[in-house]
Amino acid sequence: MSAKSMDELVSLCKRRGFIFQSSEIYGGLQGMYDFGPLGVELKNNLKSAWWKSMVYERDDVEGLDASILTNQLVLNYSGHEDTFTDPLVDCKSCKSRWRADQIGDTCPNCGSKDLTDPRPFNLMFKTNMGPLEDEGSIAYLRPETAQQIFTNFKNIVDSTSRALPFGIAQIGKAFRNEITPRNFIFRVREFEQMELEFFVEPGEDNLWHDKWIEERSNWWESQGVSKKKIRFLEVPKDELSHYSKRTVDLMYEFPHGEEELEGIANRTDFDLGSHSKNQDQLNIQSKIRKNSDSNSRLAIQNKDTNEWIVPFVIEPSAGVERGVLAILNEAYKVEKLEDGKERIVLALKPHLSPIKAAVIPLKKNNDDLVSLAKNIKDELQSLGKGRVLLENTGNIGKSYRKHDEVGTPMCITIDFDSLENNTVTIRDRDSMDQKTIQIQELTSYFSNFFK
Ligand code: GAP
């Protein structure tokens, strides 16, 4: 069972320190959120899980961390300056602005049907670099992390000697001036993407596309997002992005409705072809504009035939915020207890939990208990499995409730038996079962649990 409403998730996130509205003390900044003490851990854990599965556990992917500010030419040749737009309408009555494709013919604010004709609104954030604000100093905050992967293609091929097929992975911020940011962290103006550009021989692209669709839905399942809640949406031809031959969206049932969690696109040879020099010497299949500015041939040589190939690209592209929202939604449970009371429990996969274990001394003013708890906390912390917390509130019941709500898989209680018999009590978040183990067994128990 997942959360009943977005309000429940928003409330938990604020109450427990996962996510706050940005600039809240000044009334907020629309479409921006800040990740608090637990949110930053959850987000980092999700990104690490993606990186681990994409880069470390594969032998055919390299990583990259490119700049956010992007040369105007990159986003010109990529097509974003011309086509990265949403249709904008104004309500002539109440002066509000909307995305035409989201509202039909009626203003959601005042009900008027007196709307302007839709006009394209470019979603990129533009800025100026250096002291002069003129046409020559324009730069953009990247609207997707992908473009700098394409512009670094030759650097990475030359420095790693990669042959096809291989991929380049990147996690980082992207910015879009969404007309109507909404639904908590689902649609925001500043967010993070986890993107892989996987380069393949033309002709092998369809096969690799299907493989990646399968891989990605399996991965979400391993993060706790049930496959039953994911539907594959074949994006209709007339809705495809300008670069795409085929896109399949992983649609997830968010609390506000079914929407895109991740898109997996076949970007063909459009991007490398668009950013390449000597385009007419390369057998580029997609429709591209002539590039008179690039100084690099974005192609790879077939080692057997010596032929230059512009690879096709398969791109699984996921939003970190949408991932966090889906994971929170899946993990959130309200359980009826035997005594008739309820508890909220966040049944996160342990590798995603913001706090791996809470070490709780039975009495907060007992120096011996607190000092032993602190030593145990330090020891577990040093194992590198993630954050371990010394929870010194003196109220065991309250601590258990808090750690159920934030998804801590285990609470370790230090009591007088710990001083006398070298034992601790471990309480399991999901079953609420408690067991006693020897302190000397604790590190191996803990390490095995988070293996
Ligand atoms: N490079 C391809 C690309 O950017 P996209 O479908 O526009 O494709 C990929 O974005 C993913 O980025 C989406 O599936 C979504 O998870 C996330 N995303 C896009 N716009 C977003 C927004 N305004 N707020 C939060 N996440 C967003």
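Modeller: Two residues are said to be in contact when they have heavy atoms within 4.5 Å of each other, and in this predicted model Thr106, once its neighbours within four places in sequence are left aside, is in contact with Gly111, Ser112, Lys113 and Leu115.

Biologist: Where in the chain is Thr106 found, and why is Thr106 called partly exposed?

Modeller: Thr106 is found in the loop between helix 5 and strand 7 (119-122). Its relative accessibility is 25%, and because buried means under 20% and exposed means over 50%, Thr106 at 25% counts as partly exposed.

Biologist: What makes the pairing of the side chains of Thr106 and Lys113 a polar contact?

Modeller: The side chains of Thr106 and Lys113 are joined at 3.0 Å, and the limit for a pair of N or O atoms, one able to donate a hydrogen and the other to accept it, is 3.5 Å, so the pair qualifies. The side chain of Thr106 also makes a polar contact with the side chain of Asp105, again at 3.0 Å; since residues adjacent in sequence count only if both atoms are side-chain atoms, this contact qualifies because it runs from side chain to side chain.

Biologist: Which residue is joined to Ser286 by a polar contact between side chains, and where is Ser286 found?

Modeller: Ser286 is found in the loop between helix 9 (270-275) and strand 15 (300-301), and a polar contact of 2.7 Å joins its side chain to that of Asp269, a value that falls within the 3.5 Å limit. Beyond its neighbours within four places in sequence, Ser286 is in contact with Thr268, Asp269 and Phe270.

Biologist: Why are Ser23 and Asn422 called partly exposed?

Modeller: Ser23 has a relative accessible area of 34% and Asn422 has 44%, and because both values lie between the 20% and 50% cut-offs, both residues are partly exposed. Ser23 is found in the loop between strand 1 (19-21) and strand 2 (33-35), while Asn422 has its place in the loop between helix 13 (416-421) and strand 23 (423-428). Neither residue is a glycine, yet phi is positive in each, near 55° for Ser23 and about 55° for Asn422.

Biologist: What is the omega value of the peptide bond from Leu164 to Pro165?

Modeller: Omega is near -5° and the bond is cis; Pro165 is found in the loop between helix 7 (153-160) and strand 10 (166-175).

Biologist: Which residues have the most contacts inside the largest nonpolar core, and what makes a set of residues a core of this kind?

Modeller: The largest nonpolar core has 54 residues, and Phe18, Met194, Trp220 and Val324 have the most contacts inside it. A second, separate core of 21 residues includes Leu64, Ile168, Leu298 and Ala299. Members must be buried residues of listed nonpolar types, joined through side-chain atoms within 4.5 Å. In soluble globular proteins, nonpolar side chains tend to be buried together.

Biologist: How many residues line the largest pocket, and why are some of them called charged?

Modeller: The largest pocket holds about 1,400 Å³ of space and is lined by 46 residues, the closest to its centre being Arg176, Arg187, Ser241, Asp249 and Glu260. Because Asp, Glu, Lys and Arg count as charged, Arg176, Arg187, Asp249 and Glu260 belong to that class, whereas Ser241 counts as polar. The lining as a whole divides into 17 nonpolar, eleven polar and 18 charged residues, and strand 14 gives the most to it, with eight residues.

Biologist: Which helix gives the most to the lining of the second largest pocket?

Modeller: Helix 2 does, with five residues. The second largest pocket has a volume of about 390 Å³, and of its 15 lining residues Asn45, Ser48, Ala49, Lys52 and His351 lie nearest its centre. By class, this lining has four nonpolar, six polar and five charged residues.

Note on methods. Residues numbered from 1 in each chain as written. Predicted model: local features only at pLDDT ≥ 70, side-chain atom pairs only at ≥ 80, totals over all residues. Heavy atoms only, no water. 1 Å grid on protein atoms, 1.4 Å probe; cavity = no way out; pocket = protein on both sides within 12 Å on 5 of 7 lines; lining within 4 Å. Points joined across faces, edges and corners; volume = space filled by probe spheres on them. Helix = DSSP H or I, 4+ residues; strand = E, 2+ residues; numbered from the N terminus. Buried < 20%, exposed > 50% of the residue type's maximum accessible area, 1.4 Å probe, protein only.
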